[in-house]
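Take a moment to look at the sequence and the model together.

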Amino acid sequence: HIHVYMVGAANAQVDLGDCASIQALQDKVAKHAAANPDVAWIVGHSWDQSSWGRYPTKEDLDCIAELGGRPCWLWRVCRHIGVGSSSALACASIDHAGPVPGGIVQAGA
């Protein structure tokens, strides 16, 4: 089956499926953010950290200058895990690790 909304929404997001490193993810997000200066939230999808040695972190997103402080949320390929910038987490009132409605926030994951 497909999720029609997700297929449509993905067209406005940055596809990170071909990123071989966190640096490549940062570069693609930066390029997308620069090309879309009027977009309030930068959203991406399909990253897979399997060969990177670690998950991306909010610090990896916070250092992308092209975001200009805009919230950024990036979904893993499974869409059950995501990473957000500090401004995205602040928008969700998440300021701690631990249980949140619908899941758990892991610090430094």
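Start with W47, which has a relative accessibility of 1% and so counts as buried (under 20% relative accessible area; exposed is over 50%, partly exposed is in between, with a 1.4 Å probe and protein chains only). Before going further, bear in mind that this is a predicted model, where local features need pLDDT of at least 70, side-chain atom pairs count only at pLDDT 80 or more, and totals for chains, interfaces and linings use all residues. Residues are numbered from 1 along each chain as its sequence is written, and side-chain values use heavy atoms, with hydrogens and water left out.

What does W47 pair with? Its aromatic partner is W52. Rings of Phe, Tyr and Trp (for Trp, the six-membered ring) pair if their centres lie within 6.5 Å; planes under 30 degrees apart are called stacked, over 60 edge-to-face, and the rest tilted. W47 and W52 are stacked, with 6.1 Å from centre to centre and 25 degrees between the planes. W52 is buried too, with a relative accessible area of 13%.

The structure holds three aromatic pairs, and another of them joins W73 and W75. This one is edge-to-face: 5.6 Å centre to centre, with 75 degrees between the planes.

Now zoom out to the whole chain. There are four helices and six strands (DSSP runs numbered from the N terminus: H or I of at least four residues for helices, E of at least two for strands). The C-alpha trace spans about 40 × 35 × 30 Å along its principal axes. A compact globule of 109 residues would have a radius of gyration near 13 Å, and the chain agrees, with 13 Å (taken over C-alpha atoms; the globule rule is 2.2 Å times the number of residues to the power 0.38). Buried residues make up 35% of the 109.

Next, find the sheet. Four strands form an open sheet in the order β1-β2-β3-β4, with mixed pairing (two strands pair if DSSP finds at least two bridges between them). β1 (14-15) and β4 (82-84) stand at the edges with a single partner strand each, so one side of each has no neighbour in the sheet. β2 and β3 pair in the parallel sense over four bridges. Along that pairing, I42 stands opposite C72, and V43 stands opposite W73. On the other pairing, β3 and β4 run antiparallel, joined by three bridges, and W73 has G84 as its bridge partner in β4. These two strands form a hairpin with five residues between them, and R79 in the turn has a positive phi of about 65 degrees.

C72, L74 and R76 make up the covered face, while W73 and W75 are on the uncovered one.

Leaving out residues up to four places away in sequence, L74 touches L16, L25, V29, V43, G44, W47, L61, I81, G82 and V83 (contact means heavy atoms within 4.5 Å). L74 also belongs to the largest nonpolar core, where L16, L25, V29 and L74 touch the most other members out of 17 residues. Such a core is a set of buried Ala, Val, Leu, Ile, Met, Phe, Trp, Tyr and Cys residues joined through side-chain atoms within 4.5 Å. α2 (22-35), β2 (42-47) and β3 (72-76) each supply at least two of its residues, and α2 gives the largest share, five residues. In soluble globular proteins, nonpolar side chains tend to be buried together.

One last stop is S85, in the loop between β4 and α4 (86-91). Although it sits in a loop, S85 is buried, with a relative accessible area of 2%. What is S85 in contact with, leaving aside its neighbours within four places in sequence? The list is K58, L61, D62, R70, P71 and C72. Two of these residues have come up already: C72 is on the covered face of β3, and L61 is touched by L74.
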